[in-house]
Amino acid sequence: MKWTKKKWEEAIDKGSIKESHEMVDFGLSLQAKHYFEAAEVLKANNINSSPYYIMLSLSIECYLKSIRTTTYWRGSRGIGVMHEKGHDLSLFTTLSEKYPQDANYLSK
């Protein structure tokens, strides 16, 4: 079942889950790293076509989506993450407008 923000909020109101706000979600960040490493393997094997660029794009997207997330918890277990929506590099513009100090810190 795909949960919407409204469903998460209802569960929080009932007390069945809690939420935390993270500067960086390390799970998404780790996924981004894995996509980047896959791109490096492709490049090392002289595959510089679409698969290489797709892996790089997915890596960038996951890194951007890992910034300023809300994690939902049931006890000590993370059960969901909400992140900025979209599939293009304008995600960084959106994040840097909403959280300029975080964007500056992460850029450095």
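**View 1. The side chains of Lys65 and Glu61 are joined by a polar contact.** In this predicted model, the two side chains approach to 2.8 Å. A polar contact is a pair of N or O atoms within 3.5 Å; within protein, one must be able to donate a hydrogen and the other to accept it, and residues adjacent in sequence count only if both atoms are side-chain atoms. Lys65 belongs to helix H3, which covers residues 50–65. Helices (H or I, at least four residues) are DSSP runs, numbered from the N terminus. Lys65 counts as buried because its relative accessibility is 9%; buried means under 20% relative accessible area, exposed over 50%, and partly exposed in between (1.4 Å probe, protein chains only).

**View 2. Lys33 is shown with Cys62.** Lys33 lies in helix H2, residues 26–44. With a relative accessible area of 40%, Lys33 is partly exposed. Lys33 and Cys62 stand 29 residues apart in sequence, and their C-alpha atoms are 8.6 Å apart in space.

**View 3. Tyr52 and Tyr53 form an aromatic pair.** Rings of Phe, Tyr and Trp (its six-membered ring) pair if their centres lie within 6.5 Å; planes under 30 degrees apart count as stacked, over 60 as edge-to-face and the rest as tilted. The count by this rule is 1 aromatic pair. The rings of Tyr52 and Tyr53 are edge-to-face, at 5.0 Å centre to centre with 70° between the planes. Tyr52 is buried at 11% relative accessibility, whereas Tyr53 is partly exposed at 49%.

**Notes.** Residues are numbered from 1 along each chain as its sequence is written, and side-chain values use heavy atoms, leaving out hydrogens and water. Local features need pLDDT of at least 70, side-chain atom pairs count only at pLDDT 80 or more, and totals for chains, interfaces and linings use all residues.

Conventions: Helix = DSSP H or I, 4+ residues; strand = E, 2+ residues; numbered from the N terminus.
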